[in-house]
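My notes follow in the order I looked things up.

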Amino acid sequence: SGTVSSVNVILEINDNVRISCQLKRHLSPMTVGLIARMLPLKGNAHHMGKSIVYFETRINSGIERKRTDFKKGDIAFLPTGGCICFYTNDVHSGQPMTPIGKIITNIENLTEVKTGDILSLYLDTL
């Protein structure tokens with residue numbers, strides 16, 4: 001599932017809709033390694049403004065290679081609350097976060113997510 005430099009994962013919404021994603025080690029090696037070892041992860045969906053869908057995890061990691069500007073399709077880690085964040089639009093000068101990957105397919109499905117939906121992140125074994 002993936003290569004040395006990337007980890008292919010599936011983001012699943014309510015055990016139904018699947019979105020292919022890729023965690024990229026070169027963006028933040030320590031954080032991506034930690035998340036990959038903790039998979040599978042599951043949590044309730046939340047929204048940060050209109051451009052970010054996220055869920056909280058038990059992952060405890062500091063900020064690594066922080067950025068404040070993210071593009072639609074980016075995936076980031078917010079150390080406060082151990083949140084994995086999925087960007088549905090470009091965000092400039094937002095909260096500093098650790099970049100960890102990209103959404104590969106079906107990003108439009110994220111715009112349908114409601115607060116409280118169940119988000120699951122697990123290794124893509126195909």
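I call a residue buried when its relative accessible area is under 20%, exposed when it is over 50%, and partly exposed in between. By that cut-off, Phe70 and Tyr87 are both buried. I keep in mind that this is a predicted model.

**Entry 1: the fold.** I looked up the secondary structure. I found one helix and nine strands in the chain. I noted a C-alpha trace spanning about 35 × 30 × 25 Å along the principal axes.

**Entry 2: chain totals.** Of the 126 residues, 47% are buried. I then checked contacts with a separation of 6 or more: 63% of them join residues 24 or more positions apart. The accessible surface comes to about 6,500 Å², and carbon and sulfur atoms hold 51% of it. For charge, I have 14 positive and 11 negative, with mean positions 6 Å apart.

**Entry 3: aromatic pairs.** How many aromatic pairs does the whole structure hold? My search gave two. One is Phe55 with Phe86: the ring centres are 6.4 Å apart and the planes stand at 15 degrees, so I log the pair as stacked. Phe55 lies in strand E5 (residues 52-56) and Phe86 in strand E7 (residues 83-87), so this pair ties together parts that are 31 residues apart in sequence. Phe55 has 0% relative accessibility and counts as buried. Phe86 also comes out at 0% and is buried.

Phe70 sits in the loop between E5 and strand E6 (74-78), while Tyr87 belongs to strand E7, so the link covers 17 residues in sequence.

**Entry 4: the helix.** Which residues of helix H1 (residues 29-38) are buried? I list Thr31, Val32, Gly33, Ile35 and Ala36. I then asked what they pack against. The answer is strand E1 (6-13), strand E2 (17-24), strand E3 (41-44), E6, E7 and strand E8 (98-103).

**Entry 5: Ser120.** I picked this residue in strand E9 (residues 118-123). Is Ser120 buried or exposed? Its relative accessibility is 6%, so it counts as buried. I set aside neighbours within four places in sequence and looked for contacts. Ser120 touches Ile10, Leu11, Glu12, Asp15, Leu41 and Lys42.

**Entry 6: backbone details.** I checked the peptide bonds and found a cis one from Leu39 to Pro40, with omega near 0 degrees. Pro40 is in the loop between H1 and E3.

Asn14 has a phi of about 50 degrees and is not a glycine. Asn14 is placed in the loop between E1 and E2. At 36% relative accessibility, Asn14 counts as partly exposed. Arg65 also has a positive phi, near 50 degrees, and is a residue other than glycine. I place Arg65 in the loop between E5 and E6.

How values were computed
Residues numbered from 1 in each chain as written. Predicted model: local features only at pLDDT ≥ 70, side-chain atom pairs only at ≥ 80, totals over all residues. Heavy atoms only, no water. Helix = DSSP H or I, 4+ residues; strand = E, 2+ residues; numbered from the N terminus. Buried < 20%, exposed > 50% of the residue type's maximum accessible area, 1.4 Å probe, protein only. Contact = heavy atoms within 4.5 Å. Areas by Shrake-Rupley, 256 points an atom, 1.4 Å probe, with all protein chains shown as cover. Lys, Arg positive; Asp, Glu negative; His and termini not counted. Charge placed at Lys NZ, Arg CZ, Asp CG, Glu CD. Phe/Tyr/Trp six-rings, centres within 6.5 Å; stacked < 30°, edge-to-face > 60°.
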